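Here's a quick briefing on one protein model. Have a look at the chain first, then go through the notes below.

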Amino acid sequence: MAQNAPPQHGPSTLTVKGRDMRIRTLGFIVLAGLAIWFIAVNTGSVSIRLWIPTVTLPLWAVLTVTLLVGMALGMYIARRRTVRRRRAGR
């Protein structure tokens, strides 16, 4: 007896200028653009206390470092989740 398997669905996509793009990719591009804009308009200097020393830096540098660290942590967590799923056999 044959079983009726549900159809396989790929990731959600939109067509942009004749190309299929994943919605997640478009969301990432929009968020990256907003983050770059936010960093670019915040150019003043700020004082940051690093446990003992106090450092004065441009705000754009602080925001850029924060963004890069956040992206690195996000990719690390996503990769660990993918590895765990593969080991579990999903």
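Arginine 24 counts as exposed because its relative accessibility is 61%, where exposed means over 50% relative accessible area, buried under 20% and partly exposed in between (1.4 Å probe, protein chains only). This is a predicted model, in which local features need pLDDT of at least 70 and side-chain atom pairs count only at pLDDT 80 or more, while totals for chains, interfaces and linings use all residues. Residues are numbered from 1 along each chain as its sequence is written, and side-chain values use heavy atoms, with hydrogens and water left out.

**Arginine 24**
- Arginine 24 belongs to helix H1; helices (H or I, at least four residues) and strands (E, at least two) are DSSP runs, numbered from the N terminus.
- Serine 12 sits twelve residues from arginine 24 in sequence, and their C-alpha atoms are 8.1 Å apart.

**Overall picture**
- Two helices and four strands make up the secondary structure.
- Reading from the N terminus, the order is β-β-α-β-β-α.
- Looking at contacts (heavy atoms within 4.5 Å) with a separation of 6 or more, 14% are between residues 24 or more positions apart.

**The helix pair**
- How do H1 and H2 lie relative to each other, roughly parallel or roughly antiparallel?
- The axes of H1 and H2 come within 9 Å and cross at roughly 155°; axes are lines fitted to C-alpha atoms, for helices over the stretch in contact, and angles run from 0 to 180 degrees between N-to-C directions.
- H1 and H2 are therefore roughly antiparallel, the label for angles over 145 degrees, with under 35 being roughly parallel, 65 to 115 roughly perpendicular and the rest oblique.
- On the H1 side, Phe28, Ala35, Phe38 and Ile39 make the contact, and H2 brings Trp60, Leu63, Thr64, Leu67 and Met71.

**The nonpolar patch**
- Phe28, Ile29, Leu67, Leu68 and Met71 form a nonpolar surface patch of about 460 Å².
- Patches are made of residues with over 30% relative accessible area and no salt bridge, joining like charges within 9 Å and nonpolar side chains (Val, Leu, Ile, Met, Phe, Trp, Tyr) within 5 Å; a salt bridge is a side-chain nitrogen of Lys or Arg within 4 Å of a carboxyl oxygen of Asp or Glu.
- H2 gives the largest share of the patch, three residues.
- Isoleucine 29 is part of helix H1 and is partly exposed, at 46% relative accessible area.

- Serine 47 lies in strand S3 and counts as exposed because its relative accessibility is 54%.
- Leaving aside residues up to four places away in sequence, serine 47 touches Thr54, Val55 and Thr56.
- Leucine 59 is twelve residues from serine 47 in sequence, with 9.0 Å between their C-alpha atoms.
- Tryptophan 51 is in the loop between strand S3 (45-49) and strand S4 (54-58), and at 78% relative accessibility it counts as exposed.
- Most residues other than glycine have a negative phi.
- Tryptophan 51, though, has a positive phi, near 50°.

Definitions and conventions. Areas by Shrake-Rupley, 256 points an atom, 1.4 Å probe, with all protein chains shown as cover.
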